[in-house]
Amino acid sequence: MLAAIILTLTACNSNKNDVNNSSGSDGDPSGEITKGRYIETDITPPVGKGHINYFGARDDGSLDVIFTEASDITEESTEQHQIIKHFNSKDGGKTWDSIPTDWAEKFKDISLSNIMVDNEGSIVFTAYEYEKSSENLDSVVTNQSTGESDTVDSESVDIDVNQTEGEASIARPKLLDIKFYRILANGEEQEIKVNDVQNIDFEKNDLYFQELYIYEDKLFIAYTVYPVQSENSAMVVSSDASDGAMNMIIDINTGDSVGGFESEDVSSGDENMGQDHYTYGYNKNKIIRYGSMSSKFKGINIDDGSDISKDLPKIDGENNYFSNFAFDAEGNIYTSDWQFNISRIVSGGSILEKIIDGNEFISATSDSNPNSMTIIDETIYIYIWGTAGQSIIKMDYDSEAINDPAKSLTIFTLSESESLRNAIAEIRKKDPDISIKIDTPEFSYEADSYTTEMEDALRKLNTEILAGKGPDLILLDGTPFESYIDKGILADLSEAIGNESDYVSSVINSFKTDKGLFAVPARFKVPALMGGQEVEGIKTLQDLVDAIKQNPAPVVKSVNGPGEIEPIPAEERAFLYALTPVELFSNLYPSSAPAIFDGGSINKENLNTFLTAIKEIYDHNKMGDISEEDAQNAGGGFGMGISTEDGKAISAFCNSMFQAFGEGQSKAALENYVSDTIGIMASFTGLNSDPKLYAVHQPGLSNGVYIPSDIIGVVESSQKKDLALDFVRCMLSESAQNYYSYQGSPVRNSSIDFQRKVYDDYLAEIEKYGDNPRETFETDLRSSLFDNLETPYISNEVILTSINDVLDSMCKGDISVDDAVNKIIKDSEIYLAEKD
Amino acid sequence: MEILKKTKSKSNLNLSLIYKNCIGYVFLLPSFIGVCVFVLIPFADTLKRSFFSDGTSKFQGLSIYDSVISNKAFRLAVSNTSKFIVTCIPILIVASIILAIIIKALQGQGEIFKTTFLLPMAIPVASIVLLWRALFFEKGLINGILVSTGKQPVDFMNTDVAFWVLILTYVWKNCGYDVILWLSGMDGISVSLYEAAYVDGAGAWKSFWYITLPSLLPTMFLTVVLSLINTFKVFREAYLVAGSYPHKSIYLLQHLFNNWFLDLDIERMSAAAVMVAGVLLILILLMQKFWNESD
């Protein structure tokens with residue numbers, strides 16, 4: 001009766017999240033055919049290999065695209081120059097007229113940025129003049145937020161960081177001057193004086209312009225000033241670099257500032273969080289600014305700098321991260337976020353109304369971003385940029401377009417997934433009428449309630465599955481998928497995946513059961529120990545402990561704020577820069593986890609061996625003497641650093657252990673290897689004195705451990721099983737797998753090869769310019785890490801929590817290792833008994 | 001003719017009876033349909049699931065029941081739940097009846113306490129959880145007082161003390177409701193009985209023992225059954241404070257059901273639920289029999 005009550009009650013709650021996930025074109029849950037949805041059309045002008053620098057609309061409804069490309073190197077011309085092209089469309093992107101750009105000849109060797117076209121067709125831009133001698137380019141840095149790459153000069157580097165979003169663009173040669181120009185529609189060139197910028201000492205400072213907007217005779221600019229670092233120092237930015245952020249309205253007739261937004265710090269409790277992170281939007285003479293930390297709109301009138309904030313909406317909710325704003329004729333504000341969700345705030349309203357779900361975009365792959373957006377009539381135009389390409393698309397609402405429920409798939413997932421995003425783009429490329437509804441619970445991400453919320457979501461999912469109303473597909477990460485397989489809830493994917501030899505066999509094989517293949521990971525990571533040649537000799541956990549003991553304890557660097565990191569001599573470097581037991585445990589556990597917990601019981605002896613190793617490393621690295629604050633500050637910011645030896649830079653999502661290795665503070669690092677780790681490693685090889693990087697499977701108590709991710713399964717009872725299986729095919733297709741993802745390396749062999757080729761091409765490109773060719777080591781590295789994969793590591797929160805609960809007291813010596821082991825076993829007793 | 005009349009009259013009587021019964025059944029029907037849809041049919045499904053395996057739908061006989069009974073987690077949950085019921089219901093009954101008598105004795109002045117004691121029922125679970133944390137966590141109010149008076153802090157939530165914290169919460173939350181039940185029972189006792197007893201020389205204690213208590217027996221049955229049902233509602237507090245795997249002493253049957261459901265272990269969950277429902281039914285029937293006999 002209790003079960004009946006539980007089932008009844010949970011079934012009553014089963015639809016509570018539906019409202020949050022609904023969007024304009026979702027299939028009707030009633031199963032009836034409905035009409036009306038946005039239709040995506042690619043209207044990209046013929047930009048060739050050029051890079052789009054500007055996309056926008058004029059008041060007359062015409063569209064402008066400006067792009068730049070590098071001239072080819074020929075026998076006659078061995079130097080590359082910048083070519084600028086301008087297109088205009090008066091029919092919403094159906095046809096594009098080429099606009100002459102003779103004016104650009106003068107600027108062919110000058111770096112132009114922040115290009116925009118005003119209502120009269122004048123082109124406004126910023127021109128950076130750099131020191132001529134600094135033209136050897138030998139490192140490439142990727143902006144992790146936008147995906148844009150930039151080149152890095154080996155002599156003089158600088159760094160621009162937006163800490164809030166992890167956005168980083170690194171490196172320009174030494175800056176000599178910055179000028180602003182306006183090219184009138186008749187080709188006449190005007191230099192715009194900006195007195196405040198001209199007064200900046202470029203010997204000591206560098207500038208990064210975020211915004212430039214011109215309206216009649218007023219120019220609005222927003223920029224950040226950074227102090228130039230000394231040539232032989234490494235710089236790690238860990239505090240809010242926007243401390244030097246400026247903005248102002250310039251009267252272009254006088255060059256004087258006539259106003260701007262007031263600078264405001266954001267506080268959280270007693271802590272000053274520094275300046276907010278802003279997104280700007282422009283609507284004729286109105287400039288609006290949204291602070292993602294303060295969740296507030298501010299506005300000024302560009303004519304006189306007067307405050308118009310009181311007329312702007314106050315939207316509900318926090319954590320809104322917008323990438324763009326656009327306005328329609330009624331003054332309604334349209335927003336896009338990094339997930340391509342397009343929302344509208346009605347003029348005078350306070351509700352962020354989602355009008356297009358990010359999953360409705362065919363062009364929205366995982367590595368692409370909506371870079372700019374504009375509205376003409378009711379059509380939304382978006383410029384999308386990604387490493388795989390760029391496009392300008394328009395979204396038209398077609399009230400007659402049919403939403404066929406038979407072509408609607410629902411996918412349950414506990415978290416965002418790049419693989420899903422790419423598969424959606426792939427399947428909608430084949431059939432744009434297919435609609436995908438992602439059923440994701442909304443988490444508050446507060447430590448106290450996260451587990452409860454996740455369990456609520458799983459309870460809801462289980463109830464729906466039992467009621468036969470579940471999703472068509474489940475992204476199984478974080479779900480009890482082994483139980484789903486046992487209970488026959490998932491469909492066999494053996495046929496859907498096609499030829500098994502197309503995939504990394506060990507990964508696929510470990511998911512096979514006697515009855516078939518019911519779940520497939522689209523990605524996987526390999527826990528690895530990376531470093532100098534000495535890592536090759538480390539095979540066991542004890543070898544690692546011995547290596548750590550044979551080297552000094554880490555010297556704690558502190559970079560609380562922009563600072564400089566000096567590498568320390570090799571003999572003074574620690575083997576592993578592990579500063580806290582939690583960091584050490586979380587990085588070292590995966591390779592031992594399968595030997596400690598086999599799903600049904602805890603191996604006491606192995607747990608003891610593992611914890612003893614942790615304790616020995618803790619003692620040797622003197623972690624007890626390192627304060628939490630020091631450990632945090634030593635982590636740097638967003639895994640970014642610049643070489644102390646040759647000025648090369650890295651920017652990557654790597655852990656602080658790996659970062660410290662790159663900064664010359666340690667000899668090795670524990671990090672999960674994914675394909676694009678290659679890019680990270682390439683940078684690191686330049687950072688350490690040893691030019692070659694070595695990697696081995698992370699030493700542990702289990703062999704050949706890998707971490708599967710983006711595990712997909714099809715619900716057996718789905719009414720649209722064939723379509724769901726098609727989706728799996730798309731997720732594992734070459735084009736979807738070719739994308740880089742931090743979730744892991746692709747499981748398809750040809751995509752791994754594709755990524756290697758991209759990297760080889762990238763190396764070749766660098767070597768063409770550079771005087772420091774890099775070694776192509778990744779083939780060896782990959783074969784040593786990707787071969788012999790045997791055991792998937794599926795994290796178990798109950799066991800992890802039990803170990804984490806005793807970790808600190810065990811390391812501090814409050815309890816012995818034996819007592820810690822006994823307590824972990826005792827704490828896990830009920831959980832294990834339930835599974836019995 | 002006479003016989004014919006009698007037969008006709010008897011036939012009319014039967015028709016009238018049938019008609020009356022039908023009317024009764026018609027009125028019962030909506031409620032019966034509700035019970036069928038929301039309780040009986042799901043329970044029948046639960047019963048069926050307890051004999052068949054989830055994956056293959058094969059008949060398993062009593063093997064699922066055997067697996068549940070031999071499961072250590074189930075035994076611990078049954079033991080804790082029984083201990084919880086046996087401990088908290090007497091405490092609740094005694095505490096609420098004492099409070100009800102005091103409120104009754106205060107007459108009009110006691111009205112405010114009725115409302116006050118009911119307040120905990122109106123407090124949302126999330127707020128109760130916050131209160132728990134403020135009071136009983138490592139750096140909570142009670143430990144603050146203990147430390148300030150030179151005593152050692154108590155790890156309330158990770159020791160056997162957690163059980164008593166749960167008892168306290170249950171009693172605190174449900175006491176007001178039971179007080180109202182007792183007071184309504186007391187209101188039903190005729191004042192003339194007390195007056196007669198007073199004339200016969202009975203004091204307050206004797207009046208309580210020989211008049212109030214026996215007269216409250218029907219109310220006691222209702223109160224005990226409702227309190228028993230409410231013991232199963234305390235799970236929300238325990239779950240929100242300590243999660244799916246709390247300290248052993250407060251690991252209740254509901255934790256086990258919750259975790260098995262998350263794992264979609266429906267067959268074992270069903271078998272366990274059938275057993276628990278059976279035990280509860282027997283318990284309630286026995287109580288009813290006892291009370292009927294007492295009457």
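Does Asp710(A) count as buried or exposed, and at what relative accessibility? The views below come from a predicted model.**View 1. Asp710(A) lies in a strand of chain A.** Is Asp710(A) buried or exposed? Asp710(A) counts as buried, because its relative accessibility is 2%, under the 20% cut-off. The strand is S43, residues 705-714. Phi of Asp710(A) is positive, about 50 degrees, although the residue is not a glycine.

**View 1. Leu264(B) has a positive phi in a loop of chain B.** The value is near 55 degrees, and the residue is other than glycine. The loop runs between helix H12 (253-262) and helix H13 (266-294). Leu264(B) is buried, with a relative accessible area of 2%.

**View 2. Helices H9(A) and H11(A) pack against each other.** H9 spans residues 581-588 and H11 spans residues 604-620. Their axes are 10 Å apart, at an angle of about 140 degrees. The two helices are therefore oblique to each other. Their crossing is right-handed. From H9(A), Pro581(A), Leu584(A), Phe585(A) and Leu588(A) take part. They meet Phe610(A), Ile614(A), Ile617(A) and Tyr618(A) of H11(A). The contact residues divide into eight nonpolar, no polar and no charged.

**View 3. The largest nonpolar core holds 189 residues.** Five members touch the most others: Leu529(A), Phe575(A), Tyr589(A), Leu611(A) and Phe727(A). In soluble globular proteins, nonpolar side chains tend to be buried together.

Methods:
Residues are numbered from 1 along each chain as its sequence is written. Chains are lettered from A and ligands numbered from 1 in the order in which they are written. This is a predicted model: local features need pLDDT of at least 70, side-chain atom pairs count only at pLDDT 80 or more; totals for chains, interfaces and linings use all residues. Side-chain values use heavy atoms; hydrogens and water are left out. A nonpolar core is a set of buried Ala, Val, Leu, Ile, Met, Phe, Trp, Tyr and Cys residues joined through side-chain atoms within 4.5 Å. Buried means under 20% relative accessible area, exposed over 50%, partly exposed in between (1.4 Å probe, protein chains only). Axes are lines fitted to C-alpha atoms, for helices over the stretch in contact, and angles run from 0 to 180 degrees between N-to-C directions. Helices (H or I, at least four residues) and strands (E, at least two) are DSSP runs, numbered from the N terminus. Angles under 35 degrees count as roughly parallel, over 145 as roughly antiparallel, 65 to 115 as roughly perpendicular and the rest as oblique. A crossing is left-handed if the near helix is turned anticlockwise from the far one by less than a right angle, and right-handed if clockwise. Contact means heavy atoms within 4.5 Å. Ala, Val, Leu, Ile, Met, Phe, Trp, Tyr, Cys and Pro count as nonpolar, Asp, Glu, Lys and Arg as charged, and the others, Gly among them, as polar.
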